[in-house]
There are 2 protein chains.
Amino acid sequence: LEFLKILGCGSALPVGNRYPSAQIIKNKERYLLIDCGEGTQLRIREAKISFIRITHIFITHLHGDHFFGLPGLLSSFHLLGRTKDLYLYGPKGLMDILELQFRLSGTALRYQIIFTEVSGSEKTLIMQDNSIEVYSFPLNHRIKCHGYFFQEKQRPATLLVKKIKQYSIPDFVRGKIKEGADYIMENGTVITHEELTTPAPKPVSFAYCSDNKIKQKLKELLRGVDYLYHEATFMESEKERAKKTYHSTASEAATLAKDLGVKQLIIGHYSARYQNLQPLLKESQQVFKNTVLGYEGFEFSFTEGGK
Amino acid sequence: LEFLKILGCGSALPVGNRYPSAQIIKNKERYLLIDCGEGTQLRIREAKISFIRITHIFITHLHGDHFFGLPGLLSSFHLLGRTKDLYLYGPKGLMDILELQFRLSGTALRYQIIFTEVSGSEKTLIMQDNSIEVYSFPLNHRIKCHGYFFQEKQRPATLLVKKIKQYSIPDFVRGKIKEGADYIMENGTVITHEELTTPAPKPVSFAYCSDNKIKQKLKELLRGVDYLYHEATFMESEKERAKKTYHSTASEAATLAKDLGVKQLIIGHYSARYQNLQPLLKESQQVFKNTVLGYEGFEFSFTEGGK
C-alpha cells in the first residue's frame, strides 16, 4: 500500500466543492478504487490517474452517493477500449443494476467484470495475491453495508550483498534466507538470518468504514489495523440524528480509533450542513489526537506512516 | 418558452470542461430538463436553478451520457424533501432501472414520479397544458431514441385598455374578444378584434434531436419548427464514423436546418476528439448561416428569437 487519495469526502447531498464518496489506493503499479459516487470518473481524471491501472473496485453499499458514478466509469473503460479484466466487489444487486443498464443501452463490454458478492457478518477474505489480502467486514447501516480491510503481506527480507560475498552463500539457499532461514556453513557454523539481511518493513493494514453506526463487535473485526478511515457524518451535537440515520459522529469515530490503537484516523463523509470542517476535526482530535481530515485531493502516504 | 440553457455539450467520453448531455428550458416559472448525463445535478446547482422548479424531465435514450445523472438528481430531490410530482418521459426500461436502484438502496421516494413511456415512429403528443404541447418523435440511433418537440400554444391577444373605455365594453365579453371575437355595439356597429387588441406574440416551437443519423422522414416530422437543436458529434472528415455510429456531422445537421427553414440551429454533443469547436461551427455555417455552438452555460432566448 503506497497511498490513499480522497476523491470525494461528501455525503448524500451535493455541496459546494465536496463530491460524493470515492477513495483510491495506490498499490504497486495499480489502483484500487473504494466507492464510486457520481462524477468519480472526472475526479480520477483530475488526479491524473490512468483508468487502465484501476484493477479493483470495492463498493460498500447501494446508497447512490457510493456508487452512482460506477456505470459511467465502467462505460468509459469500455469506450476507451479496455480489454483488461476488472475485479468488482460489492453487495448483492450491484451486478443486476449494471447488467440492466448495459443491456438497455445495447452495450457489450469488451472487458470482463469479475464480480464478487460481499456479504456476511464476519471478516471475510475476498481477494489475495502476492502483495495484499483484502477482507470485507460488516458495517451497521440502514441497508447492507460492508467495509474493506487491506492487509499488506509480509515482504521477504533483503539480503546484504556484503554478507553474501563474505560467506560465499550459494544461489539456491538465498531465497530461504530471505524468507527467514539461517545459513549453516559447511563447518557447521550458524550465520543468523538477522546478520545476513535487512528486514522488510512491517506490513501495514488499512480499514475503510463508511456509513456506519459503530457496534462493539467492530473492534474485534478490526483488531490490529494500522490506519483507519471512518466516516464522521455528524458532530456530537447531532448525535441523535447520527443514531437515527445509522451514521457516526466525529467523536464516535475517534473513540473507535483510540480503542483500536491505530496510528492514524482519517475522517470523511461529512453532512452537507457543515460548511467548515475544522470543528469536526477538533471534536475528533479531542478524543484521538492523530486524526486528519479527508478532503478532495488529500493524499495519505502509508509508506511514510502518514507523514 | 423563455430560454434554453445548455448544461452539457459533450458526448460519451468525458473531456476537459465538457459535460455529458443536459439541457434545460425555462417555461413560465418552471424548468423542463432534457437529458441528464452524469453530474447534471451539479450543473443545475451551478446555474442556480432551483430543483423544486424542475417539473418535467425528458430522456431521449438509454446511453449513459444521456441519463446516468438521473438517479442522483432524483435522489437529491428526495433528500431535499420534495413532495411535488415529477413528470418523467423516456424509453421503456428507464423506470425499471430507477425502481431497481431505489429498491436496492431502500429508498421510498416522498414524491411521485409520473412516468410516460415514449415510443413509436410518429410525432406523438405526450404532454399538454394551457401553455405548451410536447411531442416525442423518433430519431435514428443504435438503440431506441426519441427527440422532443416543444410547441407553445397561441396565447390570447391583449385588450387595449383605452379601447375598452372608449367603447365601454362590458366585462363578460372581454374574454371572447381576447380569443379573437369582434365587438358588436348596441347600435350594430362592429368594432373589429384587431382594433381592440394587441396580438400575442406568435407561439414558438423548438425541437431537440440528440444522437441521430438523419433520415428523410425527420423533415416531415419537424415541419414548421422554429428552433432546432441537433447533435453534431462529428465533422464531415469523420462522415463514415458518423454513419457507423448513427450520429451526424455538423454539415448534415446544417442541411436539415436549412431544409426545415428554421430560424436558428444550435449544435452540440461533440465528440471528445474535437478540442476546438470552431471548425464544427464553421462547417455548419457554410451550409446554414444561423448556427450557434451549444456549450456549457450557453443560453438561447426564445422570446428574443435567439438574439
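Predicted model: local features only at pLDDT ≥ 70, side-chain atom pairs only at ≥ 80, totals over all residues.
Figure 1. Polar contacts do occur between chain B and chain A: six residue pairs are counted, both residues of a pair being at pLDDT 80 or more. On the side of chain B that touches chain A, the elements giving two or more residues are the helices α1 (40-46), α2 (70-79) and α3 (94-104) of chain B. Sorted by class, this side of chain B has 16 nonpolar residues, 13 polar residues and four charged residues.

Figure 2. The size of an interface is often given as the accessible area that is lost when the parts come together. Chain B and chain A bury about 2600 Å² between them. Carbon and sulfur atoms account for 68% of this area. Chain B gives 33 residues to the contact, and chain A gives 33 residues.

**Figure 3. A salt bridge within chain B.** Side chains of opposite charge can pair when their charged atoms come close. Over all chains, the structure holds 29 salt bridges. One of them joins Arg53(B) and Glu29(B), with 3.0 Å between the closest N and O atoms. The two residues are 24 residues apart, and the pair links distant parts of the chain. Arg53(B) lies in the loop between α1 and β4 (54-58) of chain B, while Glu29(B) lies in the loop between β2 (22-27) and β3 (30-36) of chain B.

**Figure 4. The open sheet of chain B.** Seven strands of chain B form an open sheet with mixed pairing, in the order β7-β8-β9-β14-β15-β16-β17. Which strands stand at the edges? They are β7 (124-128) and β17 (291-293) of chain B; each has a single partner strand, so one side of each is left without a neighbour in the sheet. Neighbouring strands are turned against each other by 20° on average, direction ignored. β7(B) and β8 (132-138) of chain B run antiparallel and are joined by four bridges. Within this pair of strands, Leu125(B) stands opposite Tyr135(B) in β8(B). Two helices of chain B pack on the sheet. Helix α9 (250-260) of chain B touches β15 (227-231) and β16 (264-268) of chain B, and its direction makes about 160° with that of β15(B). Helix α10 (278-287) of chain B touches β16 and β17 of chain B, and its direction makes about 170° with that of β17(B).

**Figure 5. The open sheet of chain A.** In chain A, an open sheet of seven strands has the order β7-β8-β9-β14-β15-β16-β17, and its pairing is mixed. β7 (124-128) and β17 (291-293) of chain A are the edge strands, each pairing on one side only. From one strand to the next, the twist averages 20°. β16 (264-268) of chain A and β17(A) run parallel, with three bridges joining them. Ile266(A) has Val292(A) in β17(A) as its bridge partner. Helix α9 (250-260) of chain A lies across β15 (227-231) and β16 of chain A, at about 160° to β15(A). Helix α10 (278-287) of chain A packs on the sheet and touches β16 and β17 of chain A. The direction of α10(A) makes about 170° with that of β17(A).

Key: Residues numbered from 1 in each chain as written. Chains lettered and ligands numbered in written order. Heavy atoms only, no water. Contact = heavy atoms within 4.5 Å. Buried area = accessible area lost by both parts, 1.4 Å probe. Polar contact = N/O pair within 3.5 Å; in protein donor to acceptor, adjacent residues only side chain to side chain. Nonpolar A, V, L, I, M, F, W, Y, C, P; charged D, E, K, R; others polar. Pairing = 2+ DSSP bridges. Axes fitted to C-alpha atoms, helices over the stretch in contact; angles between N-to-C directions. Salt bridge = Lys/Arg side-chain N within 4 Å of Asp/Glu carboxyl O.
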